Each structure stands twice: as C-alpha cells, then as structure tokens.
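These are my notebook entries on a single chain. I record below what I looked up, in the order in which I looked it up.

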Amino acid sequence: MGVHTLAHVELYSPDIEASLEHWLETAGMYLRHEEGDSYYLAAYGDWQDFTLVLHEGDEWGCKNVAWKVSDEDDLESYQERIEESGYDAEFVDSEKPGIGNTLRFDYPGASPEYMELVYDVARAFDTVPEENRSRLKNQPTRKPEQGAGYRRIDHVNFNLSNASECAQWFQDVLDFNLREEGLGPDGEQLAAWLSVSPLVHEIAFVTPPEDGNALDKIDHVAYYMDGGQAGELERTADLLKERNIEIVGGPARHGISQAHFMYYVTPGGNKVEVFSGGYLIFDPEWEPITWTPEDGSDGFVWWGGKAGSHARRQYDFVPTDETDWSEHDAYPIRTRPEQEPPE
C-alpha cells in the first residue's frame with residue numbers, strides 16, 4: 001500500500017491563451033488533449049499521458065494535485081484513513097482523459113481546492129502519436145525541437161499558514177517521508193520537504209513571510225531539466241529573457257535538495273521552478289535533515305546570489321509602511337511595473 005508518485009497538477013490561468021503559448025513555445029511541452037477551456041500537457045520524459053492541466057480562471061492558482069497509488073485497493077484504504085483524520089474523501093468519475101477511478105479528498109491546507117488519489121493513469125508510451133515518439137525505447141517522447149525542453153514534472157510547493165500541520169498530516173495519513181525541514185528562531189517548523197520516492201521532495205509546505213503576497217496558495221510547480229547551471233538551465237534563462245519573462249529567483253543552487261534552480265512567473269501568473277541536479281535518497285534509514293537559523297541562508301541559496309534578494313522576489317513581498325521593497329528592485333512579482341521590450 002502506498003502513494004507511488006506525483007501524477008499531475010491542475011492550474012488556473014486568467015490568460016489561458018498566453019499560458020498555453022508559454023508552455024508549448026517556451027517550455028517546450030507537448031499538448032496531449034484539449035477539452036473546452038482546458039489543456040492537458042506533458043514534458044517529453046513524463047511517463048504519464050499528461051502532468052499539467054491548464055484551466056481558464058479568474059485568477060492564477062491551483063485547482064488540484066493528483067497522486068498515483070501503487071495498488072487499486074489503496075484507494076479504499078486511504079479513504080478510510082482520510083475520513084478518520086476528519087476530512088472528506090469520496091470517489092468520483094474522472095472527467096480527465098485516461099484517468100480511471102478517482103478518490104477526491106480534502107486535507108488541512110487551504111490550497112489547492114482539493115487533491116486526488118488515482119490508480120488508472122494512461123501511459124505516454126501508449127498514447128504518444130507516432131510522429132512524436134522517440135527512437136529511444138526507454139523514452140516516450142522525442143525531445144522538442146523548440147523551447148527549453150522540460151524533461152519531467154518534479155514537485156509542487158505550497159505557501160500555507162499551517163504548513164507544519166499539513167506536513168504532519170501528509171506523513172500520518174498518506175505515508176509521506178519527511179526529508180528536510182526548516183526551523184524558525186523558536187524551534188518551530190516553518191518548512192517541510194516530503195516525498196514517497198527517492199526524490200528529495202515531491203511536495204513542500206512553507207510558511208511564507210508575513211508580508212508575502214501569496215498566502216494559502218500554491219507557490220510553484222517545478223519541472224526537471226537535464227544538465228546543470230551551465231547547461232540547459234542557462235539556455236532556459238536566455239529563452240525567458242528573450243521573451244521578456246522576468247526571472248524572479250536564480251539561476252543559483254539550493255542547499256536544500258542541492259539542486260540548481262530558477263524561478264519565473266508565467267504570463268498567466270503562476271510561478272514555475274526550473275529544477276536540475278540535486279540528490280536522491282536510497283538510504284532506508286534516512287533521517288530528516290534540519291536547517292536552523294544558525295545555518296544562515298545556505299539552505300535556500302548555497303551559491304549564486306544573496307539569499308535576501310532571492311527571498312524578496314521569491315516570496316512576492318509587498319510594500320508596507322515599514323519597508324518599500326521597490327527600493328531594492330523587488331516589486332511584487334505579479335503586479336510589478338511592465339517592462340518594455342527593447343527596441
């Protein structure tokens with residue numbers, strides 16, 4: 001019994017056409033299905049038929065995160081555990097292509113709207129059109145000829161006022177493993193990175209700063225890329241700059257996860273992390289890594305820039321009576337002044 005992996009993420013966009021163009025032309029994703037105002041996309045290395053769903057909405061945000069379980073019987077078992085923890089869980093007929101029996105449930109967090117556990121998931125090896133297939137037998141889709149070429153979905157990150165409670169619930173009810181955590185000055189858990197696979201995290205819960213502009217919402221969805229700081233990540237940075245898409249964090253390297261990273265905001269308002277490198281966990285006796293204020297900024301930025309500058313932009317700080325972050329070139333990332341493209 002167990003949750004096996006992250007299946008897909010569903011995002012809202014107030015500018016669905018611009019968002020779709022970004023994911024196809026700049027990110028280099030593949031469009032798998034189109035149904036009404038919803039679009040289903042996948043990276044070239046995703047084994048699932050799709051890992052990202054874009055929905056037209058009034059504002060940016062996350063509708064759903066779906067997780068695949070190892071066995072179909074796990075769905076009923078998890079329904080009992082979720083309900084025993086005090087939250088609703090019900091079976092629904094999925095309207096998404098290639099998705100079978102679905103357990104939709106609530107949990108302590110305010111975002112996303114709901115989560116799902118699924119078992120039947122259409123595989124890209126079975127659904128990718130012949131013209132998009134890779135000659136590599138162990139890769140479902142060929143690398144795209146345009147765009148950055150994201151390889152696979154990696155993780156999601158949520159900014160929640162009760163981040164520690166959500167992290168504990170995921171461990172107690174869904175059997176996730178705590179891999180790394182960040183503590184505050186009084187020893188309180190402010191951030192947690194969890195996974196069910198050898199990845200350092202497939203979901204993270206973070207307590208954002210008080211003057212952040214994205215409380216109780218998704219912070220970002222991350223896609224993994226081949227190469228490192230001087231590889232495809234650097235090329236992606238060039239593509240974003242050429243398309244006048246502002247980079248709001250990095251390129252740099254995290255201490256937590258040891259991954260190379262870069263953050264930017266899509267035309268629809270959702271933040272994306274481009275993720276590369278990092279380490280995997282194969283030790284069955286792995287103990288969670290704890291980062292404290294005494295560690296300084298090493299957890300967030302190991303190298304590649306000052307953590308304070310990254311954090312102001314990363315967490316979408318808003319001006320207050322005490323501090324006007326615009327003096328530090330750190331306007332709120334979704335409402336900052338429009339940058340005119342060069343003539």
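**Entry 1. Confidence**

What pLDDT does the chain average, and what share of the residues score at least 70? The model is predicted, and I found an average pLDDT of 88, with 87% of the residues at 70 or above. Where pLDDT is low, the predicted coordinates should not be read in detail.

**Entry 2. The chain as a whole**

I noted six helices and 17 strands. Of the 343 residues, 55% count as buried. The accessible surface comes to about 15,600 Å², and carbon and sulfur atoms account for 43% of that. Among contacts between residues at least 6 apart in sequence, 64% join residues at least 24 apart.

**Entry 3. The sheet of eight strands**

I traced an open sheet with mixed pairing in the order E2-E3-E4-E1-E5-E8-E7-E6. Why is one side of E2 and of E6 left without a neighbour in the sheet? Strand E2 (30-35) and strand E6 (89-92) stand at the edges and each has a single partner strand, so one side of each has no neighbour there. The twist averages 25 degrees from one strand to the next.

Within this sheet I looked up the pairing of E1 (residues 3-13) with E5 (residues 61-69), which is antiparallel over eight bridges. Val9 has Val65 in E5 as its bridge partner. Helix H1 packs on the sheet, where H1 touches E1, E2, strand E3 (38-42) and strand E4 (52-56), and its direction makes about 160 degrees with that of E4. Helix H2 (residues 74-84) lies across E1, E5, E6, strand E7 (102-105) and strand E8 (114-118), running at about 150 degrees to E6.

**Entry 4. Helix H1 and Trp23**

Which residues of helix H1 (residues 16-26) are buried? I listed Ile16, Ala18, Ser19, Leu20, His22, Trp23 and Thr26. After H1 comes Gly28, with a positive phi near 80 degrees.

Leaving aside residues up to four places away in sequence, Trp23 touches Gly28, Met29, Leu41, Leu52, Leu54, Tyr150, Val221, Tyr223, Thr266 and Val272. In the largest nonpolar core, which has 62 residues, Trp23, Tyr150, Leu174 and Phe205 touch the most other members. Helix H4 (residues 163-174) supplies the largest share of this core, seven residues. A second, separate core has eight residues, including Phe50, Ala66, Val118 and Val121. In soluble globular proteins, nonpolar side chains tend to be buried together.

**Entry 5. The sheet of nine strands**

I traced another open sheet, also of mixed pairing, in the order E14-E15-E16-E13-E9-E12-E11-E10-E17. Its edges are strand E14 (247-253) and strand E17 (289-291); each has a single partner strand, so one side of each is left without a neighbour in the sheet. The twist averages 15 degrees from one strand to the next.

Is strand E9 (residues 152-159) largely enclosed or open? Seven of its eight residues are buried, so E9 is largely enclosed by the rest of the structure. I checked both of the following pairings of E9. With E13 the pairing is antiparallel over seven bridges, and Phe158 stands opposite Ile218. With strand E12 (residues 203-206) the pairing is parallel over four bridges, and Asn157 has Ala204 as its bridge partner.

**Entry 6. Helix H5 and Leu239**

I placed helix H5 (residues 232-242) across strand E13 (217-225), E14, E15 and E16, at about 15 degrees to E15. Leu239 is found in H5. Is Leu239 buried or exposed? Its relative accessible area is 15%, so Leu239 counts as buried, the cut-off being under 20%. Beyond residues up to four places away in sequence, Leu239 touches Thr26, Gly147 and Ala148. Leu239 and Gly147 are 92 residues apart in sequence, with 7.6 Å between their C-alpha atoms.

Methods
Residues numbered from 1 in each chain as written. Heavy atoms only, no water. Pairing = 2+ DSSP bridges. Helix = DSSP H or I, 4+ residues; strand = E, 2+ residues; numbered from the N terminus. Axes fitted to C-alpha atoms, helices over the stretch in contact; angles between N-to-C directions. Contact = heavy atoms within 4.5 Å. pLDDT = per-residue confidence, 0-100. Buried < 20%, exposed > 50% of the residue type's maximum accessible area, 1.4 Å probe, protein only. Areas by Shrake-Rupley, 256 points an atom, 1.4 Å probe, with all protein chains shown as cover. Core = buried A, V, L, I, M, F, W, Y, C linked by side-chain atoms within 4.5 Å.
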